[in-house]
Amino acid sequence: GIEIAKLFLNKGDTVIYTTGRDRQVQNTIVADSGPLVTTPVMVLVNNRTASASEIVASALHDNCKAVLVGERTFGKGLIQSVFELHDGSGIVVTVGKYVTPNHKDINGDGIEPDYRRLPDLNEARDYLSRCQSKKLS
């Protein structure tokens with residue numbers, strides 16, 4: 001999800017923040033090159049949009065590259081590690097969580113879309129233009 005989001009973002013734009021008790025989990029992930037795609041995007045989301053998909057949706061949305069259309073997303077924003085135990089079994093431990101570029105915790109609440117129904121192209125462009133103006137001020 002992080003690498004997909006980078007394809008749409010400007011160099012230096014925040015993709016996602018990771019937070020947790022361990023300093024190794026606390027990180028700001030940014031786009032390291034210019035966008036491959038520069039046209040405005042509409043991202044369709046619903047209650048099955050989760051985890052990596054929410055990273056993509058929030059990165060594009062919070063950086064004014066896309067409008068979100070549909071239903072609130074699932075809200076899976078945890079970072080988990082799998083540890084193998086001595087008997088060959090394993091355990092999954094939550095070590096952190098994802099926070100959007102606008103500092104919204106994804107986990108639990110999900111992401112509310114901008115529109116429930118597909119907006120007119122001009123309406124979506126106006127929304128993104130207002131978003132960019134707000135971001136610059």
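View 1. Lys6 is buried, with a relative accessible area of 14%, where buried stands for under 20% relative accessible area, exposed for over 50%, and partly exposed for values in between (1.4 Å probe, protein chains only). Because Lys6 lies in helix H1 (residues 2–6) and Asp32 in the loop between strand E2 (27–30) and strand E3 (41–45), the pair ties together parts that are 26 residues apart in sequence. Helices (H or I, at least four residues) and strands (E, at least two) are DSSP runs, numbered from the N terminus.

This is a predicted model, in which local features need pLDDT of at least 70 and side-chain atom pairs count only at pLDDT 80 or more, while totals for chains, interfaces and linings use all residues. Residues are numbered from 1 along each chain as its sequence is written, and side-chain values use heavy atoms, with hydrogens and water left out.

View 2. The side chains of Glu112 and Arg72 meet in a salt bridge of 2.9 Å, N to O. This pair links distant parts of the chain, 40 residues apart, with Glu112 in the loop between strand E6 (90–99) and helix H3 (121–136) and Arg72 in the loop between strand E4 (66–70) and strand E5 (78–84). Glu112 counts as partly exposed at 33% relative accessibility, and Arg72 likewise counts as partly exposed, at 35%. Glu112 also meets the side chain of Arg116 in a salt bridge of 2.8 Å, N to O, and Arg116 is exposed, with a relative accessible area of 53%. Elsewhere, salt bridges that share partners join Glu3, Lys6 and Asp32 into one network. A search of the whole structure finds five salt bridges.

**View 3. The disulfide between Cys64 and Cys131.** The sulfur atoms of Cys64 and Cys131 lie 2.0 Å apart and form a disulfide, which is defined as a pair of cysteine sulfur atoms within 2.5 Å. The torsion about the S-S bond is about -70°, so the disulfide is left-handed. It links distant parts of the chain, 67 residues apart, with Cys64 in the loop between helix H2 (52–62) and E4 and Cys131 in helix H3. Both Cys64 and Cys131 are buried.

Key
A salt bridge is a side-chain nitrogen of Lys or Arg within 4 Å of a carboxyl oxygen of Asp or Glu.
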